2 protein chains.
Amino acid sequence: MHKAAEWLLGYVRQMGLNARIYETAGNPIIFAELCRHKNAPTLLIYSHYDVAPPGRMEEWKTLPFSPVRLNGSVYARGAVDDKGQLFAVLQGIKSVLAVEGKLPVNVKLLFDGEEEMGSPSMDAFTRKYGDMLSADIVVVVDILKYRNDMPAIYYSSKGLLSVILEVSGPAMSIHSGIYGGDIANPAEALARMLAGLKDRDGKISISGFYNSVRDITPEERADFASLPFDRDGIKALLGVEPIAQEKGYTPIECVMARPTLSINGLWGGALPGAPIMIIPSTTGALVSMRLVPDQRPEEVFRLFEDYVNSMVTSGVRVKLQVESSREPFITPRDSPAVRIAGHALEYAFGHRPVLVRSGGTSGIVSLLKKATSIQDIIATGWGDPGDGEHAPNEHFSIENYRRGIIATAATMYELARMKKPAKSERIVV
Amino acid sequence: MHKAAEWLLGYVRQMGLNARIYETAGNPIIFAELCRHKNAPTLLIYSHYDVAPPGRMEEWKTLPFSPVRLNGSVYARGAVDDKGQLFAVLQGIKSVLAVEGKLPVNVKLLFDGEEEMGSPSMDAFTRKYGDMLSADIVVVVDILKYRNDMPAIYYSSKGLLSVILEVSGPAMSIHSGIYGGDIANPAEALARMLAGLKDRDGKISISGFYNSVRDITPEERADFASLPFDRDGIKALLGVEPIAQEKGYTPIECVMARPTLSINGLWGGALPGAPIMIIPSTTGALVSMRLVPDQRPEEVFRLFEDYVNSMVTSGVRVKLQVESSREPFITPRDSPAVRIAGHALEYAFGHRPVLVRSGGTSGIVSLLKKATSIQDIIATGWGDPGDGEHAPNEHFSIENYRRGIIATAATMYELARMKKPAKSERIVV
């Protein structure tokens, strides 16, 4: 990772950018910038140079860390996620510099080395360097098109509240024959708590949970309804039929714009292959909630806590702990960043991108918003959904790579055209 | 274990018994007998020469495998469970032989070498040697008194049906953000199934579950009500208050004579310390039911299966597997074995034993019943509940040991007095 960071540092410096490596407890962060304009807006692009593990080597047709050009694509781990897309960003900047000798706007680049690990160093980094990162708009280049023929702008991602719920009973695990009749079983209490989290319609039963949920707008509803939904593809991949998990909404609406709750894991007592007949002393579960605007993780945690406390029965104790917490984020669909990226993608790909919301959680967006008070953030990218992100035989077509270069250049020109710099902006020279 | 078996074989042969070691896939079984009478009843005593692991060595005041005589007791792993009690059986027989030159009845001894592992070799052994093991009554010497001043006869133990319930969803574990809105979560379905197994009164909700449950008799009810229940001791040990887990019954009744259901463990997806936000592909639980007469494990399994199938929801699949299955057992309280052991214990300890039922499951009783068709089986022993069975500093008082010797001798004389041999009995010479 350090070698990769050094290489990247050398590359952007050679392009003429000011750049520095920031050491962290883990992999380095690279920040580069070219901010020559006193009176132009600033674009911050986030991307990452680390990659997912290669997984099962026998499923790769080429070596994951020896890039091969094949059938118009480059095959390698990271080809599309996110080394290839990052490199398209650099080529977009380089090409403008080559032709014009300067950029039409101020540009800042933030390259993460730990995205695939959940960006553990970014919290401290963004807090410390909030001023340095300030910009008019942020483009996170780390996603794929919605469908091969549908480049996409993600203008919202869900927040996250994940909690570890531990239910304990007797001080030690005990014989289920000797004590099954007179000692309460914490696994039963846990099951009741988990089972009660949703009703038959898939609504989350925690009192007050939906109070701050922003309704899906009629405009969004119409847009989402016109999106293709690859029911057969999902079924072929997962072996199960996708079904809207909340009554009254379509599957796409549930995924993109409704809060969800998932039991991510449960544990305690006997394991498969070790069938001991005990009343376990402690059992637990990881429960995560994906939140939508304007839910706040701290508020939802209080509601969750109330729910759990209301379910505690005689003979068991509960411990509740926040595992992770992220604010949901949404950028208005008519904001500059959405319009700028929309025009840039249309220019690069020949048709308008779809406006979509992510069911996942963008850690970096939440951190950047908190540290810089930039509100105008979108995520985009140029790879195809079938490019094998996180899977064997990851690849990135040269065609999409080229269009990514064009889109990057177009984004700078669009920003220069559409947006005046914010008054409060500080220029780093 | 082989050395211990050889030693034991030599000892019983020296006593004048016919004995043999039976090799198994694990530790040897020893069978010994002295059946000189053509017209006397036969007593089979079961005991075991293996011991529980010593556990934390630092908690032992003496070395667990170097017996020490201290304050009137012998301290060592196995002192009471079950080497010491087994040895009292041998001394009881030896003393009668020493005085009379013969035994008043035919005697058979079955010494297990794997009791602490659940007697995995006993199923095959009892099937193969059912005729050899036939007897009029069986006394299992492997339990403790109910209280120091209350020797006990266990005339019933619960059956067992334990099942592995697996609930699966998507073919692989998937991102809870991307799929939380449109793919069913098997952990939720599992939680609902487990939570629905009991109602608020602790009654098991599986339809038909109680159909074959034999009611507690008024005689038992009165007996159990007069037993001391060490509420404070249990609370001090486990940190939780014992509470009857089924409404309408006392804690002792629930433990001894009502069927119970326990979730022994649950698993699937994220683990503590590895909080991944997924919808797990597979989750599972081990559920065990302790059954009472006249419930039958196969019948209860069918009911459990029906319950689970009725709870299957869209997008999940269920796999159900029997982990273990044992018939409940009960010997009539006025049977010869109960009366004989009752007199013998009264003779040895100076007062009548209490008649109790075990909440646990006796594997050996169920196997012997199946293999030999002997119905008259009880379990007893002479150690005190505080003797540290399975704990550090296990010990057995010389006083109880001596009374065990007397009780063994008395059992033989009582049997000779009270019981004619069964017509069908085959004498092994």
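Predicted model: local features only at pLDDT ≥ 70, side-chain atom pairs only at ≥ 80, totals over all residues.
Then go to B:E58 and B:R56, whose side chains form a salt bridge of 2.9 Å, N to O. B:E58 is exposed, with a relative accessible area of 58%, and B:R56 is exposed at 53%.

Next, pick B:R221 and B:E253. The closest N and O atoms of this salt bridge are 2.7 Å apart. The pair links distant parts of the chain, with B:R221 in helix α7 (residues 218-226) and B:E253 in helix α9 (residues 251-257), 32 residues apart. Is B:E253 buried or exposed? At 3% relative accessibility, B:E253 counts as buried, while B:R221 is partly exposed at 38%. Over all chains, a search of the whole structure finds 40 salt bridges.

Now colour the two chains separately and turn to the interface. The contact takes 68 residues from chain B and 68 residues from chain A. About 5,200 Å² is buried between the chains, and carbon and sulfur atoms give 63% of that area. Select B:D182, B:L238 and B:L266: these residues supply 13% of the area that chain B buries against chain A, more than any other three residues.

How many salt bridges are counted between chain B and chain A? The count is two. To see a salt bridge between the chains, show the side chains of B:K198 and A:E188, which meet at 2.7 Å, N to O. Select strand β11 of chain B (residues 260-267), which gives the most to the side touching chain A, with eight residues. The residues on that side of chain B divide into 38 nonpolar, 22 polar and eight charged.

Superpose the chains. Chain B can be laid on chain A with an RMSD of 0.2 Å, by a turn of 180 degrees and a shift of 0.1 Å along the axis. That is the relation of a two-fold axis. The copies meet through the same surface, because 100% of the interface residues of chain B are also interface residues in chain A.

The next stops concern the backbone. Most residues other than glycine have a negative phi, and most peptide bonds are trans. Select A:D81 and A:D82, which are joined by a cis peptide bond with omega about 10 degrees. A:D82 is in the loop between β5 (73-75) and α2 (83-100) of chain A. A cis peptide bond also joins A:P293 and A:D294, with omega about 5 degrees; A:D294 lies in the loop between β13 (282-291) and α10 (297-311) of chain A.

Go on to A:N71, a residue other than glycine with a positive phi, near 50 degrees. A:N71 lies in the loop between β4 (68-70) and β5 of chain A, and is exposed, with a relative accessible area of 74%.

Finish at helix α12 of chain B (residues 363-372). The buried residues there include B:I364, B:V365 and B:L368. After this helix comes B:S373, whose phi is positive, near 60 degrees.

Note on methods:
Residues numbered from 1 in each chain as written. Chains lettered and ligands numbered in written order. Heavy atoms only, no water. Buried < 20%, exposed > 50% of the residue type's maximum accessible area, 1.4 Å probe, protein only. Helix = DSSP H or I, 4+ residues; strand = E, 2+ residues; numbered from the N terminus. Contact = heavy atoms within 4.5 Å. Buried area = accessible area lost by both parts, 1.4 Å probe. Salt bridge = Lys/Arg side-chain N within 4 Å of Asp/Glu carboxyl O. Nonpolar A, V, L, I, M, F, W, Y, C, P; charged D, E, K, R; others polar. Least-squares fit on C-alpha atoms with pLDDT ≥ 70 in both.
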